[in-house]
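Trainee: I would like to go through the labels attached to a model and check each against its cut-offs.

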Amino acid sequence: MWASLKTRFERLRSSILCGREVPVRSAWEAVGWWESRRVPFNLIVGSAGILSCVVAGIVGLGSDLLFNSDFGLPNPPAFALLGILIYGIMANICFTGGWLAELLIRKVWPHEADRFATLSFSLGLVFSVLLTLTPGIIIGAGGILGLLAHLFGVVHSNPEVPGR
């Protein structure tokens with residue numbers, strides 16, 4: 001299993017998106033390399049975010065329609081939009097930290113800068129996607145467990161939920 005994950009990661013690291021065929025010679029070229037990947041990074045992480053939101057929405061809608069419960073839905077829903085906006089801003093701040101770290105590495109260990117850049121970009125992309133999928137995974141698992149609990153009679157739905 002670990003060998004398979006390592007192989008997949010190495011393939012990602014050497015892909016057109018993450019790899020560097022030509023070594024970078026200046027700080028401006030390093031920043032340019034990173035910034036040319038910001039839009040694809042945002043599209044990939046944003047797609048994971050959309051998937052996570054769809055799962056949360058389905059679980060929330062399903063729990064409301066089936067069990068008169070508000071599981072998975074923020075109250076008020078505007079909190080979700082605010083959270084998404086803040087998350088996107090923070091993801092881009094962390095992305096900028098990638099090229100700032102490369103500039104530092106370029107000063108201290110110039111012969112390692114290109115390897116550092118491809119490794120940190122690849123790891124950052126994988127981590128960002130996994131972090132973005134986490135709410136959907138947690139809410140989806142909770143929804144499935146809640147549905148199973150209702151189906152097996154462990155939990156009974158409450159038709160009169162206070163405050164609704």
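This is a predicted model: local features need pLDDT of at least 70, side-chain atom pairs count only at pLDDT 80 or more; totals for chains, interfaces and linings use all residues.

Mentor: Residues are numbered from 1 along each chain as its sequence is written, and side-chain values use heavy atoms, with hydrogens and water left out.

Trainee: Why is the pair of F95 and F121 called edge-to-face?

Mentor: Rings of Phe, Tyr and Trp (its six-membered ring) pair if their centres lie within 6.5 Å; planes under 30 degrees apart count as stacked, over 60 as edge-to-face and the rest as tilted. The centres of F95 and F121 are 6.1 Å apart and the planes stand at 85 degrees, so the pair is edge-to-face.

Trainee: What makes R20 a charge over the ring of W33?

Mentor: The test is NZ of Lys or CZ of Arg within 6 Å of the ring centre and within 35 degrees of the ring normal. The charged end of R20 sits over the ring of W33, 4.3 Å from its centre.

Trainee: Why are α4 and α5 called roughly antiparallel?

Mentor: Axes are lines fitted to C-alpha atoms, for helices over the stretch in contact, with angles from 0 to 180 degrees between N-to-C directions. Angles under 35 degrees count as roughly parallel, over 145 as roughly antiparallel, 65 to 115 as roughly perpendicular and the rest as oblique. The axes of α4 and α5 come within 9 Å and cross at roughly 165 degrees; the two helices are therefore roughly antiparallel.

Trainee: Which residues of α4 make the contact?

Mentor: With contact meaning heavy atoms within 4.5 Å, they include Y87, F95 and G98.

Terms used. Helices (H or I, at least four residues) and strands (E, at least two) are DSSP runs, numbered from the N terminus.
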